[in-house]
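I opened this notebook to keep track of what I looked up, chain by chain. The entries follow the order in which I went through the model.

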Amino acid sequence: MPRIRTSYLVASLLAFFLLIFLIVPVGKVIYVAFQDSSTGALTLVNFVDFFKTSLFRESFFNSLYVAGMSVLIASLIALPLAYFTSRFNFGGSILIQTLGIIPLIMPPFVGAVAMQLFFGSNGSINLLLDQWFGINIPFMKGLNGVILVESIHYFPFILINLSAALNNIDRSMEEAAQNLGSSGIRLFRKIVFPLAMPGYLAGAALVFLKAFDDLGTPLLLNVNNMLAPQAYLRISSIGISDPMGYVISVILVVFSLFALWVSMLASRGKDYSGGGKGVSGLLKRDMRGWQKAGAYCLIIFLLLLVLSPHISLVLLSFGTIWSYSVLPDAYTMAHYVEVFGTTREYITNTLLYAGLAASFDVAFSVAIAYVVLRTKVIGRQWLDYIATGALAVPGVVLGIGYLRTFNDFNVPIIDKPLASWWVIIVVALAIRRLPYALRACTAALHQVSVSLEEAAENLGAGKTATVRKIVVPLMAGGIVAGFVTSFATAAVELSATLMLVTAESDAPLAYGIYVFMQSAAGRGPGAALGLIAVVVVAFGSYLAHHFIERNKRMQATLTG
Amino acid sequence: MLLRKNYRKMTGRFVLSVGILTCLALPAWALEKDLTVVTSYPKDLTTAFKQAFEKQNPGVKVEMLKKKTTAGVKYIQETASNNSSDLFWASAPDAFEVLKGDGLLAKYTVKAVGIPDLIGSYPINDPDGYYKGFAGSGYGMMWNTRYLKAKKIPAPKEWNDLAKAVYHGHTGMSAPSRSGTTHLTVETILQGEGWENGWKLLKEIGGNFHTVTERSFGVPDGVNSGQFGVGIVIDFFGLSSMASGFPVDFVYPTVTTLVPANIAIVKNSPHPEAAAAFIEFLLSEAGQEMLLDPKIRRLPVRPETYAKAPKDFPNPFIDKTIGAKVKFDVVKSKDRYNLVNSMFDVMITYRLDDLREATKAVQDAEKAMAGKSNAEAEKLVAEARALIAVLPIDENKSLDNEFSAIFKKKRKKATDKVTGRQAEVEQQWDTMVKSNYAEAIKLAKKAKSML
Amino acid sequence: MSLATRVKPVRLQIEDVHISFGSTKVLQGIDLDIEPGEFFAFLGPSGSGKSTLLRAIAGFGPRPQGRILIDNEDIISLSPWKREVGMVFQNYALWPHLTVQKNVAFGLEERKVAKAEISTRVEEALDMVGLADLADRHPSQLSGGQQQRVALARTIVIRPRLLLLDEPLSNLDANLRVQMRTDILKLQRKLGLTTIFVTHDQEEANTISDRMAVLDKGIIQQIGSPMELYDYPVNRFVAHFLGTTNMIEGEVVSVDGATVLQTQSGLKLPLDMAPDARHGAIVFRPQSVHVNPEITQTSAMNLDGTVESLEFLGSTVRYGVKVGEVTVLAEEDHQRGKPIYKKTERVQLVIPQKQVLFVTE
């Protein structure tokens with residue numbers, strides 16, 4: 001049976017790739033955690049130490065607390081935005097949904113810097129509060145700051161998934177409840193939200209994981225008592241080969257996998273969307289005058305909140321000196337002039353790396369999705385699990401793992417270690433963003449009826465032709481979504497790149513911003529570069545979206 | 001048909017543009033002749049030297065690879081088996097010590113003449129000949145003038161000032177484990193004030209911290225943006241911030257050390273000649289003069305360069321008060337490097353909230369006591385202060401090589417054996433420190449309630 | 001109070017209701033008066049506006065102009081959740097995340113009914129639809145008919161003032177449909193609920209409703225009992241929509257003092273009245289047409305034609321007879337051994353004048 005052989009071949013290629021670029025490097029790093037540091041023998045004593053150490057226990061609970069609260073705050077931001085725009089006739093719904101996605105393409109550490117300026121203990125808001133009311137609200141103090149930054153940065157994950165879920169609910173489900181006397185919050189709590197639960201859970205799990213694993217934000221806010229920074233501090237300290245850093249990495253990975261698994265269990269068998277029969281498609285309702293005003297106020301407030309890093313970044317990039325004042329002292333173009341000369345290389349690198357990584361992710365995701373959903377390859381689910389597990393691997397761990405694994409491997413022709421070749425950055429980005437594309441592609445393939453493929457095969461098309469001509473075009477929507485998410489988030493990724501950039505001429509924008517932000521002469525140039533990054537990535541995503549859409553349309557004209 | 005043709009054309013164009021994009025971004029091929037410098041220095045400094053050096057040496061391209069000092073060390077360690085870096089260029093001598101200890105640096109003898117042996121009381125070059133000082137920097141305090149004015153706080157002059165109640169919650173510093181230069185400051189205080197008193201002072205200062213930053217740059221950044229008022233920083237951060245127009249000021253306290261900033265050739269450097277040329281350029285008169293640039297602001301190691309400096313530029317070769325008070329013991333510092341870092345983190349960085357609370361309680365009690373006399377309360381406060389100051393180990397233990405080995409634990413051979421585990425020791429310390437701070441809070445509160 | 005206790009049924013009046021989706025007018029000038037306890041059907045093809053009207057009564061969709069009165073109280077500005085109007089949705093709209101029990105209890109919980117009472121009332125309602133033993137299942141574990149019953153139980157358990165059924169039988173297979181419609185009717189009679197039933201199936205409407213309204217293009221074409229509508233359609237649409245019919249178009253002309261309808265090809269059909277209109281159509285049912293009758297009818301329309309087609313329908317045989325340019329359908333009762341007219345055979349058709357209607361619209 002040649003068909004079976006082909007599917008096994010594809011599956012083993014995929015598995016091989018994951019093994020080489022995910023499992024082995026991560027294994028190399030976390031292996032240290034299981035080593036007795038004095039004898040080198042395998043042991044679990046380091047884990048005993050971990051749970052015996054109150055600092056680590058505290059860090060563990062802090063990380064849990066931050067992740068949990070981030071999910072809560074992110075939900076509070078995402079729920080109204082998703083609900084109002086999907087259920088009511090609301091001017092600017094599309095604008096709101098688009099603006100809602102923008103925080104994702106903000107390099108996370110830039111967001112933290114910008115938020116400090118607005119919400120810090122002597123940031124604009126607190127200076128004003130102090131002036132007017134003589135109070136100071138500790139938005140950014142300790143864990144609060146991490147929670148605020150994480151939730152603002154990652155809430156779009158909930159927004160995207162929840163909006164999709166809300167739009168998929170059959171409208172009669174809600175009408176039936178209204179008909180039986182339910183309305184407002186109760187209707188939302190008892191009917192709408194439970195029905196949108198799988199979408200919400202998918203988004204919430206992502207937020208939880210990202211907040212749990214995120215390193216850049218706590219570091220930038222000088223919060224040490226969390227797991228990711230503890231791991232990083234211990235791994236990257238001078239001369240210390242303390243195994244605890246690696247132990248924490250293992251715990252991060254394991255706990256993240258656990259969280260993924262729980263969210264999967266929780267949403268299993270609860271996929272109520274798109275039943276098919278009955279009245280689907282939503283009839284958006286009108287709101288009464290005061291309701292509308294209230295909703296607009298809430299939404300404008302939320303948008304201001306989630307876009308505050310961007311607003312602050314704009315001010316920073318045009319401001320001269322911004323020190324202990326509500327707004328910068330004066331405005332200038334000088335920072336843009338300063339970065340202008342250096343940005344071209346960063347931008348080309350970013351577009352190239354993120355573009356390649358996202359293309360790779362999409363291709364890989366289609367292959368995995370197909371193997372998992374359409375073949376009978378033994379152990380195929382594991383491809384999905386392992387690729388998704390990449391979500392649970394902190395960027396630093398992957399970065400160090402790559403250095404360890406590929407530094408001794410010289411690439412032929414160019415004759416330099418694979419670890420210092422720019423391609424490794426692409427691979428790292430691709431692995432880190434694979435889960436996003438995979439989710440989108442799996443969902444898309446789920447919705448392609450098997451009978452459409454059978455019809456093609458029935459008419460004499462081979463497996464490959466069927467996949468190429470029928471399956472992939474039908475999955476186009478999911479592929480576009482996967483590509484754009486992977487691309488946009490890969491373009492602003494820093495943690496893995498920071499470890500792997502070996503030459504400035506190879507560096508992407510995020511690295512450039514990081515470097516520019518280190519000047520005592522101020523953060524203006526860094527902010528200018530950051531803003532350029534946001535614009536370039538937004539524009540790049542739009543173009544990618546546009547190009548693929550056009551391609552799809554053209555294919556539709558050709559085949560139709 | 002027409003459609004299909006258009007489609008092909010478009011696909012072709014896309015492939016072409018991807019191709020062009022790929023070529024544009026294939027700097028890897030051009031890299032072979034590049035001198036790779038792993039550095040922790042900011043862009044303002046590296047760009048200036050890169051441009052000047054490339055101008056002087058046509059044909060050599062300098063690649064500045066920016067990493068935080070700690071990450072730079074890690075990077076050189078991890079890539080040692082297949083090294084592609086030529087130079088390591090950073091401030092903290094300790095970072096160089098670590099690399100030297102791992103055998104990752106190459107010896108080099110400087111050809112340039114006219115450079116003295118000492119800057120302040122610190123030897124400019126590594127006695128073993130592995131790394132060279134090219135500039136000096138001193139530690140001091142910078143503050144945001146707007147911040148201090150708004151909060152009606154006086155500007156500090158000495159380290160001791162920062163222990164005063166008026167600075168509570170207004171100061172910031174980087175952790176020694178995160179920043180090599182900060183480590184030097186801590187070690188300087190420990191050597192200058194003595195082990196017990198030094199730690200006592202550090203904890204009193206630490207009890208006032210608004211934050212302990214993860215990077216040394218976080219301190220000037222926090223002061224510049226007004227997140228906190230006063231920061232303990234290396235001079236060039238303070239001075240270049242001033243030069244950039246931030247409303248900040250800087251002062252050297254009496255007890256400070258002048259720290260050389262260093263450069264070393266990495267072992268198995270792919271371009272040793274170019275690397276040597278770069279070092280010579282740094283130490284040449286032209287290179288030294290560049291240090292006077294307000295955005296760079298380091299103290300040159302060539303005494304004659306100071307003739308060209310602006311008027312109020314400090315000159316350690318004339319003004320012997322800068323960094324003269326402490327005779328810095330490099331060996332001592334090196335032996336307990338990780339141990340000191342670990343102690344600082346356990347007692348201050350990771351227990352900042354507890355320490356801050358304890359310090360606040362003591363300060364409140366002292367404020368309430370002012371002008372009154374209550375022997376019992378005074379005794380309680382003194383007890384509280386002593387509890388905060390208690391150290392898990394004394395100086396002798398800190399210099400006990402067997403003990404401090406727990407914190408290095410570099411097993412060179414499989415037969416090497418180290419007893420005890422860092423996590424275990426740190427947990428013991430943490431338990432002690434935490435309960436002491438808690439007890440101190442209780443005592444101080446009790447004292448206050450008696451008044 | 002038991003569920004089966006008859007409550008005083010309500011009267012529903014709809015006065016001059018208009019509904020538009022944007023610029024599209026979906027319903028125009030709807031006037032209806034539904035008697036207390038009546039089983040009323042909205043019948044019409046898809047897109048006729050019948051579902052929109054039903055949803056408007058429940059409070060869904062764009063806000064209508066006009067008045068909707070329940071026992072003289074105008075509910076048009078009431079939110080759906082305040083109307084106490086029970087509706088069964090076409091796709092049942094059972095909530096998949098709740099069990100049958102929870103689904104049925106939902107409305108009572110919203111009304112803050114005491115826990116104990118909820119459980120007895122839910123039990124009673126499920127009993128009434130014969131599903132008492134499936135209370136703990138989830139909707140996805142039920143068959144279509146069972147889901148339908150749950151939806152019904154969920155609605156009646158709150159004792160609504162009105163019961164609205166939106167194409168409740170369209171998702172069921174033929175046998176079940178017949179069973180369900182008798183069950184629904186029985187339940188309605190037992191509860192004495194004023195009920196409105198939307199359907200596009202005239203047989204369904206005929207068998208179940210007391211009266212019905214036929215809708216087309218957003219306008220009520222005719223209101224009446226099923227038989228009235230069948231026998232006396234007021235326009236071409238109603239005539240066509242309710243069963244098979246013969247309709248012959250022509251112009252009203254006067255020939256020798258008698259009024260006749262003249263078709264395009266000149267065929268002249270007698271009219272027993274003199275309408276005002278110049279154009280119109282005569283309408284008669286196939287079963288009113290006698291083929292070669294033995295007894296001559298007084299006051300009847302006589303037509304000569306040729307048998308063109310015949311269909312055997314079981315109880316009847318339907319002939320298509322070409323008369324001039326029109327084809328007239330005629331249905332004859334079928335009995336064993338009864339002779340059959342063959343194709344091309346010439347026959348005489350007799351249609352009693354009182355079975356013929358003249359419509360102008």
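**Entry 1: chain A overall.** I began with what counts as an element: helices are DSSP runs of H or I with at least four residues, strands are runs of E with at least two, and both are numbered from the N terminus. On that basis I found 23 helices and two strands in chain A. I looked up the radius of gyration next: chain A has 24 Å, close to the 24 Å that the globule rule gives for 560 residues, so chain A is as compact as a globular protein of that length. I note here that the model is predicted.

I then took the extent of the C-alpha trace of chain A, which is about 70 × 70 × 50 Å along the principal axes. Buried residues make up 61% of the 560 in chain A. I also looked at contacts in chain A with a separation of 6 or more, and 76% of them come from residues 24 or more positions apart.

**Entry 2: surface and charge of chain A.** I noted an accessible surface of about 21200 Å² for chain A, with 70% of it belonging to carbon and sulfur atoms. Chain A carries 36 positive and 27 negative side chains. The centres of these two sets are 10 Å apart.

**Entry 3: one loop residue in chain A.** I picked A:Val377, which sits in the loop between α14 (334–374) and α15 (380–389) of chain A. Is A:Val377 buried or exposed? Its relative accessibility is 5%, and buried means under 20%, so A:Val377 counts as buried.

Which residues does A:Val377 touch, leaving aside its neighbours within four places in sequence? I listed A:Ser7, A:Tyr8, A:Ala11 and A:Val371. I also checked A:Val377 against A:Pro107: they are 270 residues apart in sequence, and their C-alpha atoms are 39 Å apart in space.

**Entry 4: which chains touch.** I went through the chain pairs. Two pairs of chains touch, and the most contacts are between chains A and B. Chain B and chain C do not touch, and 38 Å separates their nearest C-alpha atoms.

**Entry 5: strands of chain B.** I started with β2 (residues 61–66) of chain B, where five of the six residues are buried. β2(B) pairs with β1(B) in the parallel sense, over six bridges. In that pairing I traced B:Leu35 to its bridge partner in β2(B), B:Val62.

Strand β1 (residues 34–39) of chain B also pairs with β3(B), again in the parallel sense, over three bridges. There B:Thr39 has B:Trp89 of β3(B) as its bridge partner.

Next I looked at β3 (residues 87–90) of chain B by itself. In a regular strand the side chains alternate between the two faces of the sheet. In β3(B), B:Leu87 and B:Trp89 point one way, while B:Phe88 and B:Ala90 point the other way. All of these residues are buried.

β3(B) has a further pairing with β12 (residues 258–266) of chain B, and here the two strands run antiparallel, joined by four bridges. I noted B:Ala264 in β12(B) as the bridge partner of B:Phe88.

**Entry 6: a helix of chain B.** I turned to α4 (residues 93–101) of chain B. Eight of its nine residues are buried, so α4(B) is largely enclosed by the rest of the structure. Among the buried ones I wrote down B:Asp94, B:Glu97 and B:Lys100, along with B:Phe96 and B:Leu99. Just after α4(B), B:Gly103 takes a positive phi of about 70°.

**Entry 7: chain C overall.** I counted eight helices and 20 strands in chain C. Its C-alpha atoms fill a box of roughly 80 × 50 × 35 Å along the principal axes. Of the 361 residues of chain C, 51% are buried. For contacts in chain C between residues at least 6 apart in sequence, 65% join residues at least 24 apart.

The accessible surface of chain C is about 16500 Å², and carbon and sulfur atoms account for 49% of it. Chain C has 39 positive and 44 negative charges, whose mean positions are 5 Å apart.

**Entry 8: a sheet in chain C.** I followed an open sheet of four strands in chain C, with the order β2-β1-β4-β5 and antiparallel pairing. β2 (24–34) and β5 (73–74) of chain C stand at the edges with a single partner strand each, so one side of each has no neighbour in the sheet.

Further in, I looked at β1 (residues 12–21) and β4 (residues 65–70) of chain C, which pair antiparallel over five bridges. C:Leu12 has C:Ile70 as its bridge partner in β4(C).

Methods: Residues numbered from 1 in each chain as written. Chains lettered and ligands numbered in written order. Heavy atoms only, no water. Rg over C-alpha atoms; globule rule 2.2 N^0.38 Å. Buried < 20%, exposed > 50% of the residue type's maximum accessible area, 1.4 Å probe, protein only. Contact = heavy atoms within 4.5 Å. Areas by Shrake-Rupley, 256 points an atom, 1.4 Å probe, with all protein chains shown as cover. Lys, Arg positive; Asp, Glu negative; His and termini not counted. Charge placed at Lys NZ, Arg CZ, Asp CG, Glu CD. Pairing = 2+ DSSP bridges.
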